[in-house]
Each structure stands twice: as C-alpha cells, then as structure tokens.
Amino acid sequence: MVAAPLPAVFPRADGPGGPWAGLDALRLRAALVPPPTRWGVRGLHTSRRRPDDSKVEKSLRSLKEHNKKMEDGGPVYSPSTEAGPARRTVSQWVADEVKHYYHGFRLLWIDTTIAGRMLWRVLNGQTLSRRERRQFLRTCADVFRLLPFLVFIIVPFMEFLLPVALKLFPNMLPSTFETKSKKEERLKKELRVKLEMAKFLQDTVEEIALRNKASKSSVTKEFSTFFQMIRDSGERPSNEQILRFSKLFEDELTLDNLTRPQLVALCRLLELQSIGTNNFLRFQLIMKLRTIRADDKLIAEEGVESLNVTEVQAACRVRGMRSLGVTEDRLREQLSQWLELHLKQQIPTSLLLLSRAMFLPDTLSPADQLKTTLQTLPEMVTREAELMAAEMELSKVDHKSKVESTLQEEAVIRQDNKEREMERLADAAQRTIRVLHPPPCPLPGCLSIVSWLVPQEGELLGDSSASNDMLRDSAPNLEGIKGEEITKEEIDLLSDACSKLKEQKRLLTLEKEELEELKDDVQEYNEDLEEMKKELSKTGQEEVVEESKASKRLAKRVDRMILRVGKIIGELEKDKEVDTSNLVSIDELIAVMKQIQNIPEHKLQSIAAALDDNKDGKIDIDDVIKVVELIDKEDIDISTNQVADIMVMLQKEEKLNEKEKAKEKAEKEQAAQISG
C-alpha cells in the first residue's frame, strides 16, 4: 500500500529574509526540542462560543473521510492484524470487572469534586480561565455520562435554585448600574445566567452525544503504535498515518502544553513579545493563530494569484516562511502549500509553525517535517490527543486513562493559578515601588504625575499650590511601539462602563445574537446527528452507535431554556423604547469610565482610540464586550496595540462566519430544490 505523495518542499524560516535570520540555529532548535523522555508526566462565567467544530462534527468528518476512501479504494490505514486476546478465566474476568468499577467510582468522585469546586467559584463571581472552563465541561460531561439519570436531578435543581443563588451570591453577576424596577433587574440577571447555562449545557450535549455499545476499538492502540514508531523504533509511518494523527493536535491543546522555551521560540518566529508569563505568551499566540486562520480563509477565497508580490511576501513572513531572497514563483508556491496543508489537509497552524521554527533541512518532505515536529511535543499533549482520537472514532475510553488525564490537567491548572497569583503579587509590589520611588522623567523640565502626588523630602503639602505652573508639561506625549499598557483593573473598568452604557441605551443586541447562535448550534447538532446515522448505515454500524440517554435528556432541557430566554427578552422589550444601535461615541465611553473611577485623561483616550478601529469616533459596545471577555478570562495585562489587533481579528472572523452561513444556506436551498 503506497500513501499519496505530498508536496516535496517545506520552506524554512531561517536563511536570508527569514524572521530569525542571523540567529544561532542550533541554540534555537535546542530550545524547541526538549530532552527525550519515556512516557513521563509534566508538571460560571463563560465567554462567547468559538467557531470551532464540535466533537460530533469532527466525528462526522472523520467518518465521511473513511467512507470516501473506502469507496474510492484509496489508502485506509489499518494496523497489522494480530491474534485476538486470549480467553479470560473466571478469576481474570472478576479482577478486570473490579478494576473497571474501582476506576469508574474514582473517576466519578474526582469529577464531582472538581465540578463542585469550579461551580462554587462561578457562583462567587469568579471568572474561569479558558483551560478551567474546558476542564469544567469535561468533568460535567463525565458525570452525566456515568450517571445519566442525574440530568433529571441536577439541571432542574439548578434552575429551581437560580433565584436563591442570585440573592445568596450577589457577585454572581456584578452589576454597575441601578435599575428603576427590581423586576427588570431580576429579569436581566435571569436572562444572563440562563443564557450562559444553556450554552454550557449545549456544549455538554455535544461532548456526550454518541455512545458506542461495542467493545473498545483499536484506535488507541493504533495511536500508541504510531508514536512508538516515530519515537523509539525509528520506523517511518506512512504519509496517511502522519496526516491522520497530526489533525488531533489542535492549536489550544498544543499551546496549553508546550514548554516555555517552545512558547518563546514561537513568539520570536511570529515576531511577538517573548517576555512575560507563560499565560501571556499563550494568549498572544492563540490570538495570532486565530488571525492567521482567518487570513488563510480570505486568501483561499480570493486566490493566491490575486495577491501582489508585497502581499505574498508579507503573508509568507507572518507564517514563518522565507520572504526575501527567493523568487516570486517560490513565494506563491510555498504559500499555496501552506493553504493546502492548513485548510484542505486540516493540519493545525501550531504544528505548521513549530515545524518551521526547528530549522529542519529543506530536503525533508512535509510529512517528515510533521513527523519530526510530533516527536518534540510534550508527553501530556500526546496523551490528550490519544483520548481525542478515541472520542472522534466513537470508541470507548477506559476509566483509568480518564482519571490520569483529569488529574494531570488539574495539576497544570493549579500551577497556572499559582503563577497568576505570583504575578498579581509582583504587579502590586511594582506599583507600590513606583508610587514611593517614581522614576525620573527622561524629558527636560518634566515631572511625572506620581512625583507630585507623593511629596518629596523637605517639601510641604501646603506649598503645592505655589508650584502648579511647574507641574504643567508642554512636551508632546511619546507613544511607544508596543502601545500603552492596559492593566487588569482597567479592563474591569472598561467592562463596567460597557454594562452601564448598555443599561442606559437598553441594549439587548448581544443577548439576541447569542440566542440566535445557540439556536443555530442546536440545529446544526441535530443535522449532524442525522448525517451521522446515514454514514453509519453505510458501514452497518447504525445499531452499534447511538445517541446517549444523557444527551437526549439534556437536549430537551436546552430547548426549554431557549424558549424561556426568548420569553425573558420579550418581557424586557415590551412597552419600552429600545435603542437598536450599538454604537456610542468615544466621548460617551470616556465620560462613563470617569464616573466609575478617576483615571488620567491621556490613558482614557489611549484605551478608547485602541477600540476605535476605523477612527470614526464611534465604538460598537458589543465588540468591546467580546474583547473584554477574551482578555478577562486570561487575567493578563495587555497593550493598546494588542487590543486594536484583537478588534480587527474579531471583525474578520465575524465576516467569515456570515459568509459561511450564507453559503450553507444557499447550499441547503439548492439541495431542497433538487430533491423537490
């Protein structure tokens, strides 16, 4: 069996014109490639749903690819056939069953403990990080999967206790405004909580959608055999195997488990700030990868040929490829290869960038480049990818593997929280030092604001009025390349200002948009299930794989909550003049922020200017809220330039989503006409 060939050239990032030209290649590669290990272990407020595919969509796509290859007679990887397992004795069967139930109850206890702790944090108004939310979703899904009848107990209990929780935990939904009507305030809080709960439960439905009644499949064994081949035996797997398993290493999964030297190397490759905490570096990279993903779709839609030489050079440089010292044909060729691997072969952007950051020889094929990159990934990434492979192929995962994965992820979350707490303490100490010992101003005749807030030695507070003229500095403000820093406290202030503006304008546009997105998710999920049944019928597995009881029960609850959210929005809009425009002026935003907290005028102007991407003096409140949610859950300081980049990235994603929805709608209408 011969695997399909791939393009032979995989461009390098070094050499003339590469973003790391002139650096020590061996030293950087040593930073990227960790020392070899032998299966070692490394040490509800929710945000908007990402446009990523759900597990049902991934399983459906994998099943379609498999069936298409079978129909076309193409290469379909199957492991070498070995003798079946020996028949177990009664004592062995009893021992296996005891182990199975032991790990099952242990998994249930661990999941319940973690989910309960995170739910308590949400009720107390704390924000879950992106990683914590993923862990919360996984543990809740496991609990419902192990005990489906709990859907009838937990979800109604949560809905029943919602009014009580809002009173017992006033910080559950922090409100910076006062409403004239207590009923209106209660309805708004209930709307926000029910909407977030419905989105979370829909994510859980998609997580536990399908159940395989058959015994464990061989996909986990295939995965282990594949990694043993590339790491230990030295045997080269086929191109089909490499591409198949490379798809599992999604961007967030890979970045969340990379070592610090690897994170720093990627930041340097993409010309991002390489100084900061691991959490900050990951956030930068995730935002950059989302921007590249959106740009790739736009370039693929317009065609590489539509770009001029300067644009092709810029696109290659952003993706870590050589942009100078090569011909125009070569530039277009390597950009086309990137689009082929990323969009058509579904290879994650993070793997493609890591392969370019390792200074591998140009003679290696893309498959060999990916194989070498997979060898350098930390062990925890491979364990998570192995579980994902089993879930995508609809095979059962033993409880012991899930327990190990959950405990490993919990240990990493604790370490991340510890680093964040240390960062907060360090920031507080630095602010105290800056107030007590302000740095000298580099401009002649300039006095910093802090220097006159804190009286110097020998100065009297009463004499400050005599020196007012000296405090005025006519020198122009110098704006750094990275922009002005926005602290976590100022991000919270911005969030409060948006809430107050929404209350003043009686805006519910964001809630309506999220409700429509949730309805679309439910509809797509139901359509995917129908397609899944058709694909399974082609292989005779329709009786083996079925929708789980827990997902059916949860789906009914989500439908009821969607109806309730729609009714609440109707009640809030009834007999009230609702402003349909989300736009506010920069002056309005600054005025509200001043009312909440006293911040220097130049800082407010800098924050507002970063949010005004088209420089028309108007800002979309909903767009600002989306940016704030992205930054807030990571708990980091960020520059104004980075905020502006995030605004542009979100608008690109929104335009692409609108185009994709319009395309899907047109395809459905066309299919309906043909069938009719």
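Select helix α17 (residues 399–436), which contributes the most to the lining of the largest cavity, with 4 residues. The model on display is predicted.

Next, display the complete lining: Ser129, Arg130, Arg131, Glu132, Asp256, Asn279, Arg282, Ile413, Asp416, Asn417, Arg420 and Glu634.

Proceed to a pair of helices. Two packed helices are described by the angle between their axes and the distance between the axes. Select α7 (residues 219–233) together with α8 (residues 239–246); their axes lie 11 Å apart, at an angle of about 115 degrees. The two helices are therefore roughly perpendicular. The crossing of α7 with α8 is left-handed. To view the contact, show the side chains of Val219, Glu222, Phe223, Phe226 and Met229 on α7, and those of Gln241, Ile242, Arg244 and Phe245 on α8. Of the residues in this contact, 6 are nonpolar, 1 is polar and 2 are charged.

Finally, select α21 (residues 509–538) and α25 (residues 621–632), which pack at an angle of about 65 degrees with their axes 9 Å apart. This pair is therefore also described as roughly perpendicular. Thr509, Leu510 and Glu513 of α21 meet Asp622, Ile625 and Lys626 of α25. The contact between α21 and α25 comprises 3 charged, 2 nonpolar and 1 polar residues.

Definitions and conventions:
Residues numbered from 1 in each chain as written. Predicted model: local features only at pLDDT ≥ 70, side-chain atom pairs only at ≥ 80, totals over all residues. Heavy atoms only, no water. Axes fitted to C-alpha atoms, helices over the stretch in contact; angles between N-to-C directions. Parallel < 35°, antiparallel > 145°, perpendicular 65-115°, else oblique. Contact = heavy atoms within 4.5 Å. Nonpolar A, V, L, I, M, F, W, Y, C, P; charged D, E, K, R; others polar. 1 Å grid on protein atoms, 1.4 Å probe; cavity = no way out; pocket = protein on both sides within 12 Å on 5 of 7 lines; lining within 4 Å. Left-handed = near helix turned anticlockwise from the far one by under 90°.
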